[in-house]
Amino acid sequence: MVGEQYLKVKADVAEMCEQCNRSSEDCTLIAVSKTKPVDMLLEAYEAGCRDFGENKVQELLDKYDKLPADTRWHMIGHLQTNKVKYIVDKVHMIHSVDSLRLAKEISKEAVKKNVSVPVLLEVNVAEEETKYGFRVDELEEALVEIALLPGIKVKGLMTIAPFVENPEDNRVYFSQIKQLSVDISAKNIDNIDMNILSMGMTGDYLVAVSEGAAYVRVGSGIFGNRIYNQKEIV
Ligand SMILES: *Cc1c(COP(=O)(O)O)cnc(C)c1O
C-alpha cells in the first residue's frame with residue numbers, strides 16, 4: 001500500500017516535470033512520515049524512498065536508527081534552539097530555519113561537531129498569523145547575517161502554502177517564492193545559494209513542481225491521513 005502510493009506520487013511528480021521540461025532528477029519527493037510507524041517508513045524505503053521528513057526532534061531520533069544508514073532525514077518542523085544539538089549531525093537538511101536566533105544556534109552546534117549543515121530559510125509567504133517563517137520583507141536582512149555564520153550553509157527557501165481547496169490558489173505563492181529566490185541569487189551574497197525550493201504538499205505538490213520545486217513534501221498522499229492525539233501545530 002505505502003510502497004504503491006509512494007511510487008504513484010513519484011510518477012506524478014516525474015510526469016509533471018516532463019510536462020514542464022524539467023528533469024525529474026531535479027525534483028525529489030520527500031515522504032513526510034510524522035506520526036507514522038517505522039514499518040510504514042520501511043515500506044516506502046523498500047519502494048525506493050530515501051528521503052524522509054519529520055517535524056519533531058524526538059520522533060526523528062526514535063526512527064533514525066531503525067532505518068538503513070543511507071536514509072536522508074529532513075527536519076521540516078519548527079525547531080527549538082535547545083534541541084538543535086541532538087540532530088545537527090544527523091539530518092541531511094533543515095528546511096525550517098525561521099529565525100536568526102535558530103540559525104546562530106545551528107551554527108554553534110555545527111562548529112562543535114565539526115559539520116556543515118545545509119539549511120533552507122522558511123518564508124511565511126502568505127503572512128499567515130499561525131505560521132512560522134520569515135516575512136518576505138525581513139528575509140534579506142537575516143540572510144546577510146546568516147551568510148557570515150560558520151557551519152551553516154543556506155541552500156534555498158522553504159514555504160508552507162495556505163490550506164486551500166483548489167491547489168491553483170497557491171500558484172501565486174509558489175511563483176512568488178521562485179521570484180524571491182531569483183532576486184536573492186542576483187545579489188550574489190557570499191555563502192548563500194538559492195538553488196533549492198522546498199514547497200508543495202499532498203494538496204498542491206503538482207502546482208509546486210510546475211513552479212520549480214526541488215523538494216516536494218508529501219505526507220498523507222503517501223501514508224494516509226494522520227491521527228493526532230494532541231492538537232496539530234502545523
Ligand atoms: C505535515 C507536513 C507536510 C505534509 O503534509 P501533507 O498534507 O500530509 O502532505 C509537509 N510539510 C510540512 C512542513 C509538514 O509539517
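I started with the second largest pocket: α1 (2–19) and β1 (28–32) each put at least two residues into its lining. Helices (H or I, at least four residues) and strands (E, at least two) are DSSP runs, numbered from the N terminus. A pocket here, on a 1 Å grid over the protein atoms alone, is an open set of points where a 1.4 Å probe fits, with protein on both sides within 12 Å along at least five of seven lines; lining residues have an atom within 4 Å of a point.

The model is predicted, so I kept in mind that local features need pLDDT of at least 70 and side-chain atom pairs count only at pLDDT 80 or more, while totals for chains, interfaces and linings use all residues. Residues are numbered from 1 along each chain as its sequence is written, and side-chain values use heavy atoms, without hydrogens and water.

Which residues lie nearest the pocket's centre? I found Y6, K10, C27, T28 and L29, out of 14 lining residues. α1 gives the most, with 4 residues.

Next I looked at β4 (residues 93–97).

Then I checked its neighbours. Strand β3 (residues 72–75) pairs with β4 in the parallel sense over 2 bridges, and β4 pairs with β5 (residues 117–122) in the parallel sense, also over 2 bridges; pairing takes at least two DSSP bridges. I94 in β4 stands opposite M75, and its bridge partner in β5 is V119.
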